[in-house]
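Visitor: I'm new to this one and would like a close look at a single part. Could you take me through the sheet and what packs around it?

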Amino acid sequence: MANQRELDEVYMNMAHELSKLSKAERKKVGSIIVKDTQIISEGYNGTPKGFNNDCEYYDYVDEIHTKPEVLHAESNAITKLARSTNSSCGSTLYVTLAPCHDCAKLIIQAGIKRVVFLEQYRITNSGLALLKKAQVVVEQLTRGKV
């Protein structure tokens, strides 16, 4: 059986591949939730079901902005799981970008016990601090591993 480090790399590679489905221009993010070596949910950043999946708009000076209705990869994976019969309690979330503060709250409420991420979030990441405060194990994979 593979060791945890090997599994982390494989699952992160899967999250990275999943991120390619995002229609976002600024940042494509993928997420996978794993429990007992089984993938129980996945998500990528995009709009709610039934919406046009364009994630950004340009303002009058051609600056790009994310639409307010866009869901982050983690929230998409967690809410997708909520519609299933699976439970995320005790699971691991793999995400290509460190969770923001709002996603961190969802992760804590979902009972996810470990978060593995690849890149830091562009905004000062109070999400990681909140996860650590809630005793969620947080680990960053280095670029050379994926």
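Visitor: In which sense do strand β5 and strand β6 pair, and over how many bridges?

Guide: Strands β5 (residues 92-97) and β6 (residues 114-119) pair in the parallel sense, over 5 bridges. A quick word first: this is a predicted model, where local features need pLDDT of at least 70 and side-chain atom pairs count only at pLDDT 80 or more, while totals for chains, interfaces and linings use all residues. Residues are numbered from 1 along each chain as its sequence is written, and side-chain values use heavy atoms, leaving out hydrogens and water.

Strands here are DSSP runs of E with at least two residues, helices are runs of H or I with at least four, both numbered from the N terminus, and strands pair if DSSP finds at least two bridges between them. Within our pair, tyrosine 94 sits opposite valine 116 in β6.

Now the whole sheet: 5 strands make an open, mixed sheet in the order β2-β1-β5-β6-β7. Because β2 (38-44) and β7 (137-140) are at the edges with a single partner strand each, one side of each has no neighbour in the sheet.

Next come the helices. Helix α1 (residues 4-19) lies across β1 (30-35), β2, β5, β6 and β7, at about 55° to β5. Helix α2 (residues 73-82) also packs on the sheet, touching β1, β2 and β5, where contact means heavy atoms within 4.5 Å. The direction of α2 makes about 130° with that of β2; axes are lines fitted to C-alpha atoms, for helices over the stretch in contact, and angles run from 0 to 180 degrees between N-to-C directions.
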